[in-house]
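Please open the model in your viewer and keep the sequence panel at hand. The stops below are given in the order in which they may be selected.

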Amino acid sequence: MLEKEMDNEPVLVMEGGAMRGLFTAGVLDAFMDHHFYFKKVVGISAGTLQGLGYLSRQCGRSVRVNSAYAADPRYMGLRHMVKGGSFFNFDFMFGPLAHEEDPFDFETFGKAEEELYAVITDCLKGESHFISSHSLSVEEFMKVCEASCSIPLVSKPVEWRGKAYVDGGVGMPLVPLPEEIPFPHGKIVYILTRDVNYRKKPVPFWFHGLLDAVFGRQYPAVVRGMCSIPERYNEKVEKVLALEREGSVFVIRPDEPVTVSRTERDAGKLRKLHGQGYRLAMDRFEEMKRWLHGE
């Protein structure tokens, strides 16, 4: 009986999008204000970082941190690309920022009954791996979360347990479909960070060439994965829409085009996007609960 109940446990799945993750943060803050927590949570790229704050129960921290530090040169910028190979300064985010300046609640996260799966992509094979927060120490899981957010060309691959990994969205564009989630689960709630009409354009020839120059010799699977993202992403959008229409999944997404960029520094735009996510989640919270309970 217990096993059957666990198999039917709903799962929350969150798309990435770097600074567009502030929309997701708004949705999660609404859930936390309702004291509503999914037992199983999946994050891709920036979705993983938002999941950290959800399980640590730090309502408001994500919008506070991102709006306060987006323009801080320690947070992100070209100098970090030159110095350390990554536009986003993960050493600062997971170091002084998380431990001193606006502390992340490592203790609460480590004790959380909820399970966060960070999706990462193997550089050699281009395969997706779902890594559970319950399978690692908090410190090691933070390294996995860094890998989940390491976009090729914007961030360098992350070494973990002797292998190199990059952003989860390379191997798993958009979100995993129900059949791609590698553990037993019930209904799925998706938080997406683009409006319903958004579709990706094909990768430009010059970008393909740049990827090949940087990764082609050592990690050709990364090049193939990056260059096929638009096609795979757009196919998944249509499949998620079909599942949504038939009532098989529940989707919360922006109700208008998102103008926030991946590297957005405008604090006002970030707070506005967070507010949009919060509003939509509040407006649809009871609807979501009824759907989860089959009403």
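The tour passes from the cores to a helix and then to the aromatic rings.

This is a predicted model, in which local features need pLDDT of at least 70 and side-chain atom pairs count only at pLDDT 80 or more, while totals for chains, interfaces and linings use all residues. Residues are numbered from 1 along each chain as its sequence is written, and side-chain values use heavy atoms, with hydrogens and water left out.

**The cores**

Select Leu12, Phe31, Phe38 and Tyr54 to begin. Among the 64 residues of the largest nonpolar core, these four touch the most other members. A nonpolar core is a set of buried Ala, Val, Leu, Ile, Met, Phe, Trp, Tyr and Cys residues joined through side-chain atoms within 4.5 Å; buried means under 20% relative accessible area, exposed over 50%, and partly exposed in between (1.4 Å probe, protein chains only).

Now centre on Phe38. Leaving aside residues up to four places away in sequence, Phe38 touches Pro10, Val11, Leu12, Phe31, Tyr54, Glu114, Val189, Met288 and Leu292, a contact being heavy atoms within 4.5 Å. Apart from this core lies another, of 34 residues, including Tyr117, Tyr233, Leu241 and Val249.

**Helix H12**

Select residues 229-245 next. This is helix H12, with 17 residues; helices (H or I, at least four residues) and strands (E, at least two) are DSSP runs, numbered from the N terminus. Among its buried residues are Tyr233, Val237, Val240 and Leu241. The buried residues of H12 pack against helix H9 (168-171), strand E7 (188-191), helix H11 (220-227) and strand E8 (249-252). Gly247, which follows H12, has a positive phi, near 80°.

**Aromatic rings**

Display the rings of Phe, Tyr and Trp. The structure holds 18 aromatic pairs, where rings (the six-membered one for Trp) pair if their centres lie within 6.5 Å, and planes under 30 degrees apart count as stacked, over 60 as edge-to-face and the rest as tilted. Phe36 and Phe38 are edge-to-face because their planes stand at 85°, with the centres 5.3 Å apart. Phe36 counts as buried at 18% relative accessibility, and Phe38 counts as buried at 2%. Phe31, Phe36, Phe38 and Phe285 form one aromatic cluster.

**Charges over rings**

Finish with two lysines. Lys40 lies over the face of Phe183, 5.2 Å from the ring centre; a charge sits over a ring if NZ of Lys or CZ of Arg is within 6 Å of the ring centre and within 35 degrees of the ring normal. The charged end of Lys187 sits over the ring of Trp291, 4.8 Å from its centre.

Notes. The expected span of a helix is 1.5 Å times one less than its number of residues.
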